[in-house]
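Biologist: I'm new to this one and I'd like a close look at a single part of it. Could you walk me through the sheet and what packs around it?

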Amino acid sequence: MMTDLASTPSMDRNRGFSQRLHDRLDAALDLLGRVRADEELLAATLEAATRTAESIARGATLFICGNGGSAGEATHLSGELIGPFLDKGRRPLPAIALGFDASATSAVANDFSFDEIFARQLAALARPGDVLWALSTSGRSPNVRRALETAADKGMLSVLLTGARHEDLPPQADIVLAVPSRETPRIQEMHLILGHFLCEIVESLNRD
């Protein structure tokens, strides 16, 4: 007897996966449209890009921090500025992803608190006029909030990339890029798009 391939479990599973893929793409497109229509977010993104670029042109260093997937984005964005993003002919730009010195990070976490891992590195390395890009999809990560407090104490420009606005967003952030979503994967995807734009403007204003 011939098996009806159209009704096998694997075919049903694959149809389900295909629908899930379309659903995820539709969700990303919907969020992209809402970001495109969010004039406050777009204005904040332009401000963050130009002020970061101008700070680096004056000799500032950019520090970037986040947890989990946001930590991966921190290293991604710092790499775009140290290496070439679009222009292979420009100078390398000073960008440091915090939290990737394993000895320092584990020492601070062990002797003080995990909440201090970014703040203590900023206290050691940053100067007035430097810049912090802090990534937290919820805006509630204690170590990111402590980093923003330290940045404010040191006279740094700080940019928080987060998700949908809420009443508990850290008040220390100078500029907030609040993606209008509460779904972590979609927020992270949009942070990368916005982060790439920030890198593009920073690069374009620091070609010499």
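Leaving aside its neighbours within four places in sequence, which residues is S141 in contact with?

Modeller: Happy to. Keep in mind that this is a predicted model. S141 is in contact with N67 and S136, once its neighbours within four places in sequence are left aside. S141 itself lies in the loop between strand 3 and helix 6. Its relative accessibility is 17%, and because buried means under 20%, S141 counts as buried.

The protein has seven helices and five strands, and from the N terminus on they run α-α-β-α-β-α-α-β-α-β-β-α. Along the principal axes, the C-alpha atoms fill a box of roughly 75 × 40 × 35 Å. Of the 208 residues, 43% are buried. If you take the contacts between residues at least 6 apart in sequence, 69% of them join residues at least 24 apart.

The five strands make an open sheet, with parallel pairing, in the order 2-1-3-4-5. Strand 2 (95-97) and strand 5 (175-178) are at the edges and have a single partner strand each, so one side of each has no neighbour in the sheet. From one strand to the next, the twist averages 15°. As for what holds such an arrangement together, strands of a sheet pair through backbone hydrogen bonds, either parallel or antiparallel.

Strand 1 (residues 62-65) pairs with strand 3 (residues 131-135) in the parallel sense, over four bridges. Here I64 has W133 of strand 3 as its bridge partner. On we go to strand 4 (157-162), which runs parallel to strand 3 and is joined to it by five bridges. W133 turns up again at this step, with V159 of strand 4 as its bridge partner. Then four bridges join strand 4 to strand 5, again in parallel, and T162 has A178 of strand 5 as its bridge partner.

Six of its six residues are buried. In a regular strand the side chains alternate between the two faces of the sheet. On strand 4 you can read this off: L157, V159 and L161 are on one side, S158, L160 and T162 are on the other, and all are buried, leaving both faces covered.

Helix 6 (residues 142-153) lies across strand 1, strand 3 and strand 4, and it runs at about 165° to strand 3. S141, where we started, is in the loop that leads from strand 3 to this helix.

Helix 5 (residues 117-125) has I117, F118, A119, Q121 and L122 as its buried residues. These pack against strand 1, helix 4 (102-111), strand 3 and helix 6. An α-helix has 3.6 residues a turn, so residues three or four places apart point the same way. A123 is in helix 5 too, but this residue is partly exposed, with a relative accessible area of 46%. Not counting residues up to four places away in sequence, A123 touches T150 and K154. The C-alpha atoms of A123 and A151 are separated by 8.2 Å, although the two residues are 28 residues apart along the chain.

For one more helix, look at T45, which is found in helix 2 (residues 39-57). T45 is buried, with a relative accessible area of 4%. Setting aside residues up to four places away in sequence, T45 touches L177, L194, F197 and L198.

Note on methods: Residues numbered from 1 in each chain as written. Predicted model: local features only at pLDDT ≥ 70, side-chain atom pairs only at ≥ 80, totals over all residues. Heavy atoms only, no water. Helix = DSSP H or I, 4+ residues; strand = E, 2+ residues; numbered from the N terminus. Buried < 20%, exposed > 50% of the residue type's maximum accessible area, 1.4 Å probe, protein only. Contact = heavy atoms within 4.5 Å. Pairing = 2+ DSSP bridges. Axes fitted to C-alpha atoms, helices over the stretch in contact; angles between N-to-C directions.
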